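Student: Could we go through this model together and ask what each label rests on?
Tutor: Gladly.

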Amino acid sequence: MTFPCKLFLPPFCFEVTSDIPFVAKNLERIYGNNFSQDPSLVPDYVVKIKQNEGVRRFYKPQARFFSDQQEPFQPLQLQQAYAMLEWGMNWCIASHEMQYVIIHSAVLAKDNKAILFPAPPGSGKSTLTAYLAFNGWRLLSDEMALIIPRTRTVQPFVRPICLKNRSITLAKNWFPDAVFSTVARDTHKGDVIHLSPPAESWLNANTPAEVVAVVFPQYTADVELDIYALNQTQSFMQLAGNAFNYGVIGVEGFETLTALIEQVPGFEILYNDVAQVAAFLEQELL
Amino acid sequence: MSLNQLITQLFITPESALSISLPQWMPIILVLRHQQLLARYSFRFKDAGVFAQLPDYTQRHLRNAEIIAEKQYRQIDSEAKELTQLLSSLQVTPVFLKGAAYVLQSNLKPGLGRTFSDIDILVPKADIVEVEQRLTIFGYLSDAISAYDEHYYRNWTHEIPPIRHHSRGTVLDIHHNLIPPVSGRAPNMSAFAAHIVCTDKGFAVLDLPAMTLHSVIHLFFNEDFKNAFRDLTDLHLLFDDFSEEDWAQIIRLADETGFLFEVMLAARYCHKILHTPIPVWVSQHLEQFQLSPWRMAIVDFMFEYTLLPKHPLTTSFKQKLAVFMAFVRGHWLKMPVFMLIGHLAMKSFFAVRDAIFGKHQFSPKNSANR
């Protein structure tokens, strides 16, 4: 692969540059068909992940991420470079795009009926996302729900699923044929791997869906499946707490989230078996 | 036409945006974002009535920046209110400067689309310790900075190290003068005290001529030109609203405080680069402060490049040389020569150290090099 490369990830386009060979390999694996040569496609963000200079090239080598001239993060270990690039791309969107209400949430859909899964790290959200994405659901996003203001419509932003620690082995056993990145060890989230979603998601990467429910998942080892219906206040507070740009966009964000919560049910689900969650979603919410 | 020419032309005649092709917009947007000017340009395109005809791509990026700027307008009012209240028990009235001052005055053109990363306030030097203590109690803490920087701020400059609100992240720069006292040119602040006025919402700011003079000093009596192009557009917008009386006032105040040379530079480069209208009598009056022709030619070279946008896409060798000259000149103005030699030696030591060991290795609070 030759850098800079243009990565079209609807609705955004990134220009990516790197001098780190395994980053190039991972990009090719994860994003296979999303590289574009189309000159009329103009990049929204110009990002770069490069090795740190000086003796840190040789001694405990590091990677640095840049969005144009801005360096939002401290350097990370070189072996974490690919994960850092993924997080950096998320940062670009979360800190600049203000014309969607952006929620830290997974989004999966069936027949263009979408469910939002907003959740903090450690809730098992990504494991559930991976399971659903490979069992008949369409992944719109693992990290951010882009909601068009004053609607229930969510724009996909298809990216790999970020799996952590024990979920890595689990996912590799569940989906032996799936496409995984290399592992980034000992990050602030532990060991992480990126998993490319199935073709169905990539093919429909620009097909919006309508939100029909909001589900707050919480993996709980000793609970098979407990489902609590949330009232509107509870749902709203949880949703707002997971919104990236809610504080910036002001009234429009507030009105979008309140309208959404008034129209769709909200649930908190404690579970230790993803298959049972899937069965509940399919039978009760779609 | 070079990218920088294109960007200045877009400022002077926003209508020219209609002739820019989609692929040309990408570098323009990168440079404007880097120079924190996206929102300001967005409003200029709207004023000229061309915004709606721009490509979707351009509109989206401009609008994003506008929304971020709008958030700052909402926030600055409550921040200013809190600061004014917190300090009122010390009988101190903070005077808001630069970006915050522009945005706090709704009738002021440079407030529109102006973003800033910190709030600058001016307080009397005698009160600075009490002010810092009081703000610390209410959640403003200083960031980790190196011992050298701490020493630099406390002993040599006109401000204390920036403090940051622990939860909102608001950064405050507390000044007791407009320029470093070690420069030997720090004005007697009582000359400015007569120009403190109250906005319609009850915040203290400098009146238009004094505020403009501060912005002039900040741009031309300085060594840091990172945001120089934005600051030049600020000056253009401020001068744009000047009455004859305002011109007379800024000249009087600059005369009193010894900054007429800087006012001459500001009028000269605003006019040369952004075509700012300057009354004939003002230009004629300021001419006497020009240097000899060959020295003026060097100053022109230095500022005509340094004041333009700076980004790897626009930078030329000439601009790098000009910025370096302006950097040395700024230090020269600010510090006596023996201090300057020491300071530049320390700075080069840090630069060489970072080149060898990698950037961030020695940054305070660094947790990534474990």
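This is a predicted model: local features need pLDDT of at least 70, side-chain atom pairs count only at pLDDT 80 or more; totals for chains, interfaces and linings use all residues.

Student: Let me begin with the helix pair in chain B. Why are α9(B) and α12(B) called roughly perpendicular?
Tutor: The axes of α9 (residues 208-220) and α12 (residues 260-274) of chain B cross at roughly 85 degrees. Angles of 65 to 115 degrees count as roughly perpendicular, and therefore the two helices are described that way. The axes also come within 9 Å.

Student: Which residues of α9(B) meet α12(B)?
Tutor: On the α9(B) side they are Val216(B), Ile217(B), Leu219(B) and Phe220(B). Their counterparts in α12(B) are Glu262(B), Val263(B), Leu265(B) and Ala266(B). By class, this contact has 7 nonpolar residues, no polar ones and 1 charged.

Student: How do you know that the radius of gyration of chain B agrees with a compact globule?
Tutor: Set the value against the rule: a compact globule of 370 residues would have a radius of gyration near 21 Å, and chain B has 21 Å, so the two agree. Taken along the principal axes, the C-alpha atoms of chain B fill a box of roughly 55 × 55 × 45 Å.

Student: How many helices and strands does chain B have, and what percentage of its residues count as buried?
Tutor: Chain B has 16 helices and 7 strands. Of its 370 residues, 36% count as buried. As for contacts in chain B between residues at least 6 apart in sequence, 65% join residues at least 24 apart.

Student: What makes α3(A) mostly covered?
Tutor: The count settles that one: 9 of the 9 residues in helix α3 (residues 125-133) of chain A are buried.

Student: Why is Asn165(A) called partly exposed?
Tutor: Asn165(A) has 13 C-beta neighbours inside 10 Å and therefore counts as partly exposed. Exposed would need 12 or fewer, and buried 20 or more. Asn165(A) sits in the loop between β11 (161-164) and α4 (166-174) of chain A. Its phi is positive, about 45 degrees, although Asn165(A) is not a glycine.

Student: And what makes Asp186(A) partly exposed?
Tutor: Asp186(A) has 13 other C-beta atoms within 10 Å, so it is partly exposed. Asp186(A) belongs to strand β12 (residues 184-187) of chain A. Here too phi is positive in a residue other than glycine, with a value near 55 degrees.

Student: Where are the cis peptide bonds joining Phe3(A) to Pro4(A) and Pro10(A) to Pro11(A), and what are their omega values?
Tutor: For Phe3(A) and Pro4(A), omega is about -5 degrees, and Pro4(A) lies in the segment before β1 (5-9) of chain A. For Pro10(A) and Pro11(A), omega is about 5 degrees, and Pro11(A) is in the loop between β1 and β2 (12-18) of chain A.

Student: How is chain A divided into domains?
Tutor: Domain 1 of chain A covers 5-96 and domain 2 covers 101-285. Their centres, taken over C-alpha atoms, are 24 Å apart. The contact takes 16 residues from domain 1 of chain A and 24 residues from domain 2 of chain A. On the domain 1 side, α1 (21-31) and α2 (81-96) of chain A each supply at least two residues, and α2(A) gives the most, with 6 residues. That side divides into 9 nonpolar, 5 polar and 2 charged residues.

How values were computed. Residues are numbered from 1 along each chain as its sequence is written. Chains are lettered from A and ligands numbered from 1 in the order in which they are written. Axes are lines fitted to C-alpha atoms, for helices over the stretch in contact, and angles run from 0 to 180 degrees between N-to-C directions. Helices (H or I, at least four residues) and strands (E, at least two) are DSSP runs, numbered from the N terminus. Angles under 35 degrees count as roughly parallel, over 145 as roughly antiparallel, 65 to 115 as roughly perpendicular and the rest as oblique. Two residues are in contact if their C-beta atoms, placed from the backbone, lie within 7 Å. Ala, Val, Leu, Ile, Met, Phe, Trp, Tyr, Cys and Pro count as nonpolar, Asp, Glu, Lys and Arg as charged, and the others, Gly among them, as polar. The radius of gyration is taken over C-alpha atoms; the globule rule is 2.2 Å times the number of residues to the power 0.38. Domain bounds come from an automatic or database domain assignment.
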